[in-house]
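This note sets out points for a colleague reading the model alongside its sequence. The points follow in numbered order.

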Amino acid sequence: MNWRSEHVWVELLKGSRKRGNFFWACILFLGSLGFLSVGASSYLGSGYDRFYRKEGIVRIFRWGFPGIKRRVFLQFLMRDIQSIRIQVKEGLYPRRILYMEIRGQGVIPLTRTDEKFFTPREIEQKAAELAYFLRVPIEVF
């Protein structure tokens, strides 16, 4: 509908309020909620490492992403532990990660791979205490 007088001309335009635009806005909103839930669950996901010297068993439990296989549970014998590994990368994005090398299973990270709060001294101290408890050597790479 248009309106016109001698000094004013008003022309109404169809805006962007179409069904298709509302549909895509809802899809984007739901997708962003999915990313938010994954981010929150990974922030709150945690676990534990238990070392039973008397029984000779190590149990590692982690909460994963929500879903069918959310729980990660590893159990192995202490005699299968070959070494404790420390990975230290300095620079713009420093990484200090503590690993446990298991015979036949490779390496398993014991600290978060994005953990930036450990100083080199703290990660070495933690590795030394764990290696002493498990009676295994320490490797640095």
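Which residues have the most contacts inside the largest nonpolar core?

1. The model is a predicted one, in which local features need pLDDT of at least 70, side-chain atom pairs count only at pLDDT 80 or more, and totals for chains, interfaces and linings use all residues. Residues are numbered from 1 along each chain as its sequence is written, and side-chain values use heavy atoms, with hydrogens and water left out.

2. Phe 76, Ile 81, Ile 84, Met 100 and Leu 134 have the most contacts inside the largest nonpolar core, which has 18 residues. A nonpolar core is here a set of buried Ala, Val, Leu, Ile, Met, Phe, Trp, Tyr and Cys residues joined through side-chain atoms within 4.5 Å. At least two residues of this core come from each of strand 4, strand 6, strand 7 and helix 2. Helix 2 gives the largest share, five residues. Helices (H or I, at least four residues) and strands (E, at least two) are DSSP runs, numbered from the N terminus.

3. An α-helix has 3.6 residues a turn, so residues three or four places apart point the same way.

4. Buried means under 20% relative accessible area, exposed over 50%, and partly exposed in between (1.4 Å probe, protein chains only).

5. Helix 2 is followed by Arg 135, which is placed in the loop between helix 2 and strand 9. The phi of Arg 135 is near 60°, a positive value in a residue other than glycine. Most residues other than glycine have a negative phi. Arg 135 counts as exposed, at 65% relative accessibility.

6. Not counting residues up to four places away in sequence, Met 100 touches several residues, among them Phe 51, Val 58, Ile 60, Phe 76, Ile 81, Ile 84, Val 107 and Leu 134. A contact requires heavy atoms within 4.5 Å. Val 107 lies in strand 8 (residues 106-109) and is partly exposed, with a relative accessible area of 38%. Val 107 and Ile 81 are 26 residues apart in sequence and 9.6 Å apart in space, C-alpha to C-alpha.

7. The loop between strand 7 and strand 8 holds Arg 103, partly exposed at 45% relative accessibility. Leaving aside neighbours within four places in sequence, Arg 103 is in contact with Arg 79, Asp 80 and Gln 82.

8. Aromatic pairs number four. Rings of Phe, Tyr and Trp (its six-membered ring) pair if their centres lie within 6.5 Å; planes under 30 degrees apart count as stacked, over 60 as edge-to-face and the rest as tilted. Phe 23 and Trp 24 form an edge-to-face pair, 5.2 Å centre to centre with 70° between the planes. The ring centres of Tyr 48 and Phe 61 are 5.4 Å apart and their planes are at 25°, so this pair is stacked. Tyr 48 lies in strand 3 and Phe 61 in strand 4 (residues 57-63), so the pair ties together parts that are 13 residues apart in sequence. Phe 61 counts as buried at 12% relative accessibility, whereas Tyr 48 is partly exposed at 31%. Tyr 48, Phe 61 and Trp 63 form one aromatic cluster.

9. Two arginines sit over rings. The charged end of Arg 4 is over the ring of Trp 9, 5.2 Å from its centre, and Arg 85 lies over the face of Phe 141, at 5.0 Å from the ring centre. The criterion is NZ of Lys or CZ of Arg within 6 Å of the ring centre and within 35 degrees of the ring normal.
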